[in-house]
Amino acid sequence: MQNPLRDRLLRNERTQQVSGWFQRADTGEFFLFDRSGDAALLQERDAPDSEVLVLYPDRAPGGGTAFITDTGREVIRLTGLGGATYFPRTSPDGVIADFASPAGALAPPPRSPDEVRERAESLASEMAAALDRSISIAYAPAPRAGLGVQFDTLHVIARAFESVRGERRRLRDVEHVRIDLGDAPAAYRQEDTLVVVIAPLLGYAGRPSSEFIGQVLLSDPGAI
């Protein structure tokens, strides 16, 4: 026989696990939600090239915990009773998500210096084709353990430019992209240069999101 209290407690126990697969009730698609680090991470399973979202906990209206991006967008909410609501861009009002199974933590795949260099070269070519002019890409050498983050940052920068490609007039002053190393992720315009700061040893949480970088690209030079 069904026991609602037992089912609720079991659901609460599962959703409190630090890393696991969740399934959307509307489409049946899965996403991995990892809370094993200081920042939570989320990635959709059926879109392997999708961006890993870095999320920070915040108090949700009416109780529970909301997890938001570095631009303040809520992506997932957990209630005190173990319920989960997912807020993908395609369903801004939210969809119910149920815990499906435990999962390992998310971490950037290891990369070599040659892979980072080749990705930087391909990004420069992609942007030159999209903007009809050359864009230089420069990056500071990262420790070997942080090369995966540096490689992923180039992928995120590409997504940022793609998201604002309709604003070519506002992008005409961007001639250089530079990736610096720092203690915390950041991005800002410095005259004709987009500067993206990464903390390569923090994993995915060590770089800003494509949405944040996109907002910076459309901002006035010098604005952070």
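Author: We may begin with one residue of this model, which is a predicted one. Leaving aside neighbours within four places in sequence, Ser-50 is in contact with Gln-43, Glu-44 and Arg-159.

Reader: Where is Ser-50 found, and is Ser-50 buried or exposed?

Author: Ser-50 is found in the loop between strand 3 (40–44) and strand 4 (53–59). Buried means under 20% relative accessible area. The relative accessibility of Ser-50 is 17%, and therefore Ser-50 counts as buried.

Reader: How many helices and strands are there in the protein, and what is its radius of gyration?

Author: The protein has 5 helices and 12 strands. Along its principal axes, the C-alpha trace spans about 65 × 35 × 30 Å. For 224 residues, a compact globule would have a radius of gyration near 17 Å, and the value for the protein agrees with this: 19 Å.

Reader: What percentage of the residues in the protein is buried?

Author: The accessible surface of the protein comes to about 11800 Å², and carbon and sulfur atoms hold 51% of this surface. Of the 224 residues, the buried ones make up 42%.

Reader: Among contacts between residues at least 6 apart in sequence, what percentage joins residues at least 24 apart?

Author: The contacts considered here are those between residues at least 6 apart in sequence. Of these, the share that joins residues at least 24 apart is 51%.

Reader: How far apart are the mean positions of the positive and negative charges?

Author: The protein has 25 positive and 32 negative charges.

Reader: Which element gives the most residues to the largest nonpolar core?

Author: The largest nonpolar core has 29 residues, and those with the most contacts inside it are Ile-137, Ile-157, Phe-161, Val-177, Leu-194, Ile-213 and Leu-217. At least two residues of this core come from each of helix 2 (113–131), helix 3 (147–163), strand 10 (176–181), strand 12 (193–198) and helix 5 (210–217). The element that gives the most, with 8 residues, is helix 3.

Reader: Is Tyr-204 buried or exposed?

Author: Tyr-204 is found in the loop between strand 12 and helix 5. Not counting residues up to four places away in sequence, Tyr-204 touches several residues, among them Leu-41, Val-54, Pro-108 and Asp-152. The relative accessible area of Tyr-204 is 8%, so this residue is buried.

Reader: What distance separates the C-alpha atoms of Arg-165 and Leu-81?

Author: Arg-165 lies in the loop between helix 3 and helix 4 (168–171). Its relative accessibility is 42%, so Arg-165 counts as partly exposed. Arg-165 and Leu-81 are 84 residues apart along the chain, and their C-alpha atoms are separated by 43 Å.

Reader: What distance separates the C-alpha atoms of Gln-215 and Ala-160?

Author: Gln-215 is found in helix 5. With a relative accessible area of 47%, Gln-215 is partly exposed. Along the chain, Gln-215 and Ala-160 are 55 residues apart, while the separation of their C-alpha atoms is 8.5 Å.

Reader: Which residues are in contact with Ala-103, leaving aside its neighbours within four places in sequence?

Author: The place of Ala-103 is in the loop between strand 8 (95–102) and helix 2, and a relative accessible area of 21% makes Ala-103 partly exposed. Ala-103 and Phe-22 are 81 residues apart in sequence and 9.8 Å apart in space, C-alpha to C-alpha. Once those neighbours are left aside, the contacts of Ala-103 are Ser-19, Gly-20, Trp-21 and Leu-32.

Reader: What is the phi of Asp-132, and what is that of Glu-191?

Author: Asp-132 is found in the loop between helix 2 and strand 9 (136–139), and Glu-191 in the loop between strand 11 (186–190) and strand 12. Asp-132 is exposed at 61% relative accessible area, and Glu-191 is exposed at 64%. Neither is a glycine, yet phi is positive: for Asp-132 near 60°, and for Glu-191 about 55°.

Key: Residues are numbered from 1 along each chain as its sequence is written. This is a predicted model: local features need pLDDT of at least 70, side-chain atom pairs count only at pLDDT 80 or more; totals for chains, interfaces and linings use all residues. Side-chain values use heavy atoms; hydrogens and water are left out. Helices (H or I, at least four residues) and strands (E, at least two) are DSSP runs, numbered from the N terminus. Buried means under 20% relative accessible area, exposed over 50%, partly exposed in between (1.4 Å probe, protein chains only). Contact means heavy atoms within 4.5 Å. The radius of gyration is taken over C-alpha atoms; the globule rule is 2.2 Å times the number of residues to the power 0.38. Accessible areas come from the Shrake-Rupley method with a 1.4 Å probe; for residues, only the protein chains shown count as cover. Lys and Arg count as positive and Asp and Glu as negative; His and the chain ends are not counted. The place of a charge is taken as NZ of Lys, CZ of Arg, CG of Asp or CD of Glu. A nonpolar core is a set of buried Ala, Val, Leu, Ile, Met, Phe, Trp, Tyr and Cys residues joined through side-chain atoms within 4.5 Å.
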